[in-house]
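This briefing looks at empty space in a protein model. Rolling a probe the size of a water molecule over the atoms shows where empty space is left.

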Amino acid sequence: MFSARILPSFKRTAFTQSKRLSSQLSASKLKVKKADALKPLVANNELIFGHTFTDHMITANWDEKNGWAAPEIRPYENLSLAPSAVVFHYASECFEGMKAYKDEHGKIRLFRPDMNMARMNRSTSRIALPNFDGDELIKIIGEYLKTDERWIPEGKGYSLYLRPTMIGTQEILGVNAPTKALLFVIGCPVGPYYKTGFNAVRLLATTEYVRAWPRGTGEAKIGGNYAPGLLPQRLAAQKGYQQNLWLFGEEHSLTEVGTMNLFILMKNDNGELELVTPPLDGSILPGVTRDSIISLAKEWKEFEVKERPMTMPQLRDLIKEGRVVEMFGCGTACVVSPIKEIGYLGEDIKVPLDPKDPNSQAGPYTRRFNDAINAIQYGEVEHPWSVVVE
Ligand SMILES: *Cc1c(COP(=O)(O)O)cnc(C)c1O
């Protein structure tokens, strides 16, 4: 039975507050229309990130007057939108990236999905799209995962990548907050990010372009943040660097790596190990993986964890003094991505990987974070972060 929910768990903007009495997104209203013909599955060893999509998708329409319409699970197909739809002109779009895993008992698991829902609601708020009840979307995603269960690949390293998205759809060119929106979720089976063990990356510390800035939108997962990064990424690739190391300000403060958060394991002034990551100052995307690594490191109590600013010249000096132990980027797609070199102002600076093994592509701590998070994601250890889809 549907009951008007007036208990959203997220801070609401003034914009959505006035819509309290309109319908909330509700899993109890879910409609399911199955595809007539199912697509052939893709073999695990042929999966390429983001290329294959499952048989179904979730959609839910919203409008200012009525709120959320009944969500649907329906065949994966093209959307039909007017060329005047606001998303095509003013980038009214935000998204999430999360994964569903099959554990060794065949159970479907999500990793900290509440964090993705909370972040998506912060993203929608930032671009004046509507909020929704994240717990309800998690339930709908659960039904979707059961519907498309055959698409969740089995085996460690394999998962179904989920892409919840919201777009503004009203057909008016005026620059105004959307009065109509579409929430959708698509899924694609993905394999391990590193097929043959880790592959450490070279970064170009980018001084010509800035990804995000304090009080801007860097902390929101909105489409508008990503297109401007594509040219700098291509320029870095042409010079042989896999990712941009994004800097900010005249002092070249470290922020993020490509679309990942950045971690530096180093020795502090007393020679003790310290894990450093730039603080969430508004320009940094608050990654679920970032938060998980900070929490694990605090549990381990083997080294201090510091969310503090660091500049590129400071990092360069620390590396040259031999005080940087390991560096890595982190995010849902790869968990961790070890860093082996940074190009900065014409100089290539080598970052250590594994002191014990010159051929290794990842340091021991980087591996340990990866393995600890993987073990939770695949339900190998009991942990409240791993949520079984019942
Ligand atoms: C998505 C994203 C991350 C990583 O976030 P996770 O929740 O760990 O996947 C980091 N930085 C940027 C810019 C991102 O878009």
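**Cavities and pockets**

The largest cavity holds about 90 Å³ of space. A cavity is a set of points on a 1 Å grid, over the protein atoms alone, where a 1.4 Å probe fits but cannot get out. Points are joined across faces, edges and corners, and a volume is the space filled by probe spheres set on them. This is a predicted model, in which local features need pLDDT of at least 70 and side-chain atom pairs count only at pLDDT 80 or more, while totals for chains, interfaces and linings use all residues. Residues are numbered from 1 along each chain as its sequence is written, and side-chain values use heavy atoms, with hydrogens and water left out.

**The largest cavity**

- Searching the whole structure gives two cavities of 30 Å³ or more.
- The lining of the largest cavity (residues with an atom within 4 Å of a point) includes Gly97, Phe111, Asn116, Thr332 and Gln377.
- At least two lining residues come from each of β6, α6 and α8; helices (H or I, at least four residues) and strands (E, at least two) are DSSP runs, numbered from the N terminus.
- β6 gives the largest share, three residues.
- The lining has six nonpolar residues, five polar and one charged. Ala, Val, Leu, Ile, Met, Phe, Trp, Tyr, Cys and Pro count as nonpolar, Asp, Glu, Lys and Arg as charged, and the others, Gly among them, as polar.
- The largest cavity lies between domain 1 (4-190) and domain 2 (201-376), because both give residues to its lining. The domain bounds come from an automatic or database domain assignment.

**The largest pocket**

- A pocket is an open set of points with protein on both sides within 12 Å along at least five of seven lines.
- The largest pocket has a volume of about 910 Å³.
- It is lined by 38 residues, and Tyr193, Gly258, Thr259, Met260 and Ala333 are the closest to its centre.
- Elements giving two or more residues to this lining include β8 (159-168), α5 (230-238) and β16 (324-331).
- The lining is made up of 16 nonpolar, 16 polar and six charged residues.

**The second largest pocket**

- About 310 Å³ of space lies here.
- Among its 20 lining residues, Gly157, Pro192, Tyr193, Asn370 and Asn374 are the closest to the centre.
- α8 supplies the largest share of the lining, three residues.
- Domain 1 and domain 2 each contribute at least three residues to this lining.
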